[in-house]
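Let's walk through this model together, starting with its charged pairs and ending at a residue away from the surface charges.

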Amino acid sequence: MEIIQVVGIGLLSTILILVLKEQKPMFAFLLATATGILIFLFLIGKIGMILSTLERVAESSGMEMIYLKTVFKIIGISYIAEFGAQVVRDAGQDSIASKIELAGKVLIMVLAVPIISIIIETVMKLLPA
């Protein structure tokens, strides 16, 4: 039950952060960031398992790997942008967090343009002329 470990780490860190926040707010922020990184590292093995499973399914179906890798990059950008925005938001910098989210959305759109173009071309080929 890995979720119990994650929740335990989160609850313990939250208690420590609440104690530290009044005395040393900088240490509370660092502890919150370290906890987020620890939880992310805890999940890396699971993420790797999901990615390898999806790659196997894509290879067996004959799908071009460039599309799957692009989707992986898009998912990675969204997770990293969300994590970065939450860390910055925890530090009380909401405006910078919004800019990080905006940058993530723009980068996702840049990566998605080739996939969207291929989908549109495929739909256009299917439609009667």
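The count comes to 3 salt bridges, where a salt bridge is a side-chain nitrogen of Lys or Arg within 4 Å of a carboxyl oxygen of Asp or Glu. Before you look for them, note that this is a predicted model, in which local features need pLDDT of at least 70, side-chain atom pairs count only at pLDDT 80 or more, and totals for chains, interfaces and linings use all residues. Residues are numbered from 1 along each chain as its sequence is written, and side-chain values use heavy atoms, with hydrogens and water left out.

Begin with Glu 2 and Lys 46, whose side chains form a salt bridge at 3.1 Å, N to O. This pair links distant parts of the chain, with Glu 2 in helix 1 (residues 2–23) and Lys 46 in helix 2, 44 residues apart. Helices here are DSSP runs (H or I, at least four residues), numbered from the N terminus. Glu 2 is partly exposed at 38% relative accessible area; the term covers values between buried (under 20%) and exposed (over 50%), using a 1.4 Å probe and protein chains only.

Now move to Arg 89. Its salt bridge with Glu 101 has the closest N and O atoms 3.3 Å apart. Glu 101 lies in helix 4 (residues 94–126) and Arg 89 in helix 3 (residues 65–90), so the pair ties together parts that are 12 residues apart in sequence. Arg 89 also forms a salt bridge with Asp 94, at 3.6 Å between the closest N and O atoms. Through shared partners, Arg 89, Asp 94 and Glu 101 join into one network.

Finally, find Thr 35 in helix 2 (residues 25–61). Is Thr 35 buried or exposed? Thr 35 counts as buried because its relative accessibility is 10%. Leaving aside residues up to four places away in sequence, Thr 35 touches Ile 9 and Ser 13, contact meaning heavy atoms within 4.5 Å.

How values were computed. Helix = DSSP H or I, 4+ residues; strand = E, 2+ residues; numbered from the N terminus.
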